[in-house]
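Colleague: I would like to learn how to read the features of a model like this one. Please take them one at a time, with the rule before the case.

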Amino acid sequence: MCEGEYLFTVHNYSGTPDMTVSDATVKVYFGNQQKPYKTYYIPKEKTGYRYWKVFKYNTKTRQITPINEMSNVNGY
C-alpha cells in the first residue's frame, strides 16, 4: 500500500434495492486480531444513495477517521 490517505467506500452498483435494507456492516481488523478493532453499521435513516463512505485511513499515522455517511458522489 502506498503512503497516503484512503477512503473506504461501499458502492451499490445496481441501486436497487436500497443498500440500507441490507443491514451491511464493515469490520476493521489490525494484524492477526481475532476481534474487530471497529465495526461500522450502515446508516438506516438515509435512503436513496449509491455510496456509503465508511472511513478514511492514513497509512503514515495508521489513523482511522470515521465518516459513516451516505452520498451519491464517490470520493471526498
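Modeller: Start with a side chain: a polar atom of Lys53 lies 3.2 Å from the backbone oxygen of Val73. The term is polar contact (a pair of N or O atoms within 3.5 Å; within protein, one must be able to donate a hydrogen and the other to accept it, and residues adjacent in sequence count only if both atoms are side-chain atoms). The model is predicted: local features need pLDDT of at least 70 and side-chain atom pairs 80 or more, whereas totals for chains, interfaces and linings use all residues. Residues are numbered from 1 along each chain as its sequence is written, and side-chain values use heavy atoms, leaving out hydrogens and water.

Colleague: How many salt bridges does the rule give?

Modeller: The count is 1 salt bridge. Lys44 and Asp23 form it through their side chains, at 2.5 Å from N to O. Lys44 sits in the loop between β3 and β4 and Asp23 in the loop between β1 and β2 (25-28), 21 residues apart. Lys44 is partly exposed at 41% relative accessibility, while Asp23 is exposed at 55%.

Colleague: How many helices and strands does the chain have?

Modeller: Both are DSSP runs numbered from the N terminus: helices are H or I of at least four residues, strands E of at least two. Here there are 0 helices and 5 strands. Lys53, discussed above, belongs to strand β4 (residues 51-58).

Colleague: In what order do the strands of the open sheet stand?

Modeller: Strands of a sheet pair through backbone hydrogen bonds, either parallel or antiparallel. The pairing criterion is at least two bridges found by DSSP between two strands. In this model 3 strands form an open sheet, ordered β1-β4-β5, with antiparallel pairing. β1 (5-11) and β5 (63-71) each have a single partner strand, so one side of each edge strand has no neighbour in the sheet. From one strand to the next the twist averages 15°, with axes fitted to C-alpha atoms (for helices over the stretch in contact) and angles run from 0 to 180 degrees between N-to-C directions. β1 and β4 pair over 7 bridges; Val10 stands opposite Trp52 in β4.

Colleague: How many aromatic pairs does a search of the whole structure find?

Modeller: Rings of Phe, Tyr and Trp (its six-membered ring) pair if their centres lie within 6.5 Å; planes under 30 degrees apart are stacked, over 60 edge-to-face, the rest tilted. The search finds 3 aromatic pairs. One of them is Phe8 with Phe55, stacked at 5.2 Å between centres and 5° between planes. The pair links strand β1, which holds Phe8, to strand β4, which holds Phe55, 47 residues apart. Phe8 is partly exposed at 36% relative accessible area, whereas Phe55 is buried at 8%. The rings of Tyr40 and Phe55 are also stacked, with centres 5.5 Å apart and planes at 25°. Tyr40 lies in strand β3 (residues 38-41), 15 residues from Phe55. Phe8, Tyr40 and Phe55 form one aromatic cluster.

Technical notes. Buried < 20%, exposed > 50% of the residue type's maximum accessible area, 1.4 Å probe, protein only. Salt bridge = Lys/Arg side-chain N within 4 Å of Asp/Glu carboxyl O.
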